[in-house]
Amino acid sequence: MTSAAYAVHPTPIGDALLVATDDGLVALTVLDGPVYAEIARLSLVLHAVPVPDPDAAAEVARQLDEYFAGTRRGFDVELDWRLVSGFTRRALEAIIDVPYGVTASYAEIAIAAGAPGANRAVGTACARTPWSIVVPAHRIVRSDGSIGEYGGHPERKRFLLELEAGADE
């Protein structure tokens with residue numbers, strides 16, 4: 001059985017649920033509803049009920065604050081990959097390599113992940129990433145340059161892209 005702890009941290013795009021295990025950050029989700037609903041969902045997939053602990057992801061919270069302040073370009077966070085495998089993992093690993101302030105297309109990520117033409121699968125990987133912001137799925141756009149839905153919240157994606165575009169070099 002895995003032990004997990006969580007904290008809720010405010011961000012400019014909504015409260016973020018940060019869930020950590022002994023192996024690292026297992027989830028970072030910007031909440032759409034009550035925290036208990038997301039904890040219940042994660043409990044099922046983790047086979048453990050995360051317990052509240054404000055210090056559980058203090059380093060992640062600090063780095064998030066720096067990111068939103070425009071002073072952090074990337075995250076130095078150990079990720080617990082237990083919820084991701086196969087092509088989804090390869091796609092997310094490729095997404096991590098997309099630099100701050102740069103966008104890549106779903107097609108480019110499919111190629112980088114070793115599956116040219118798997119654009120839709122990249123979109124699914126982006127939509128299902130357990131780590132919002134830290135794994136920068138917001139930097140992945142359609143081939144025509146439009147931003148896409150970002151889990152039904154294109155306004156969040158636009159905010160993140162504009163934050164990165166407007167940061168001082």
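Reader: Is R142 buried, exposed or partly exposed?
Author: Partly exposed. This is a predicted model, and R142 has 40% relative accessibility in it.

Reader: Where does R142 lie?
Author: In the loop between β6 (140-141) and α6.

Reader: Which residues is R142 in contact with, leaving aside its neighbours within four places in sequence?
Author: S105, Y106, G148 and E149.

Reader: And how far is R142 from G114, C-alpha to C-alpha?
Author: 18 Å. Along the chain, R142 and G114 are 28 residues apart.

Reader: Switching to charges. How many salt bridges does a search of the whole structure find?
Author: Nine. One of them pairs D32 with R156.

Reader: What's the N to O distance for D32 and R156?
Author: The closest N and O atoms are 3.0 Å apart.

Reader: Which parts does that pair tie together?
Author: D32 sits in the loop between β3 (24-30) and α1 (35-46), while R156 belongs to helix α6 (residues 154-166).

Reader: Are the two ends buried or exposed?
Author: One of each. D32 is exposed, at 58% relative accessibility. R156 is buried, with a relative accessible area of 12%.

Reader: What about R62 and E59, how far apart are N and O there?
Author: 2.3 Å, in a salt bridge between the two side chains. Both residues lie in helix α2 (residues 58-69). They are three residues apart, about one turn of the helix.

Reader: How accessible are R62 and E59?
Author: R62 is partly exposed at 37%. E59 is partly exposed too, at 38%.

Reader: And D80 with R82, what's the N to O distance?
Author: 2.6 Å, again a side-chain salt bridge. D80 is buried, with a relative accessible area of 4%. R82 is partly exposed, at 35%.

Reader: On to helix packing. At what angle do α3 and α5 cross?
Author: Roughly 80°. The axes of helix α3 (residues 86-96) and helix α5 (residues 119-128) come within 9 Å.

Reader: Why call α3 and α5 roughly perpendicular?
Author: Because angles from 65 to 115 degrees count as roughly perpendicular, and the crossing is roughly 80°. So α3 and α5 are described that way.

Reader: Which residues meet there?
Author: From α3, F87, T88, A91, L92 and I95. From α5, A121, V122, A125 and C126.

Reader: How many of the contact residues are nonpolar, polar or charged?
Author: Eight nonpolar, one polar and no charged, for the contact of α3 with α5.

Reader: Last topic, strands. How do β2 and β3 pair?
Author: In the antiparallel sense, over six bridges. Strand β2 covers residues 16-21.

Reader: How many residues are in the hairpin that joins β2 to β3?
Author: Two.

Reader: Which residue in β3 is the bridge partner of L17?
Author: T29.

Reader: How many β3 residues are buried?
Author: Seven of its seven residues, so β3 counts as mostly covered.

Definitions and conventions. Residues numbered from 1 in each chain as written. Predicted model: local features only at pLDDT ≥ 70, side-chain atom pairs only at ≥ 80, totals over all residues. Heavy atoms only, no water. Salt bridge = Lys/Arg side-chain N within 4 Å of Asp/Glu carboxyl O. Helix = DSSP H or I, 4+ residues; strand = E, 2+ residues; numbered from the N terminus. Buried < 20%, exposed > 50% of the residue type's maximum accessible area, 1.4 Å probe, protein only. Axes fitted to C-alpha atoms, helices over the stretch in contact; angles between N-to-C directions. Parallel < 35°, antiparallel > 145°, perpendicular 65-115°, else oblique. Contact = heavy atoms within 4.5 Å. Nonpolar A, V, L, I, M, F, W, Y, C, P; charged D, E, K, R; others polar. Pairing = 2+ DSSP bridges.
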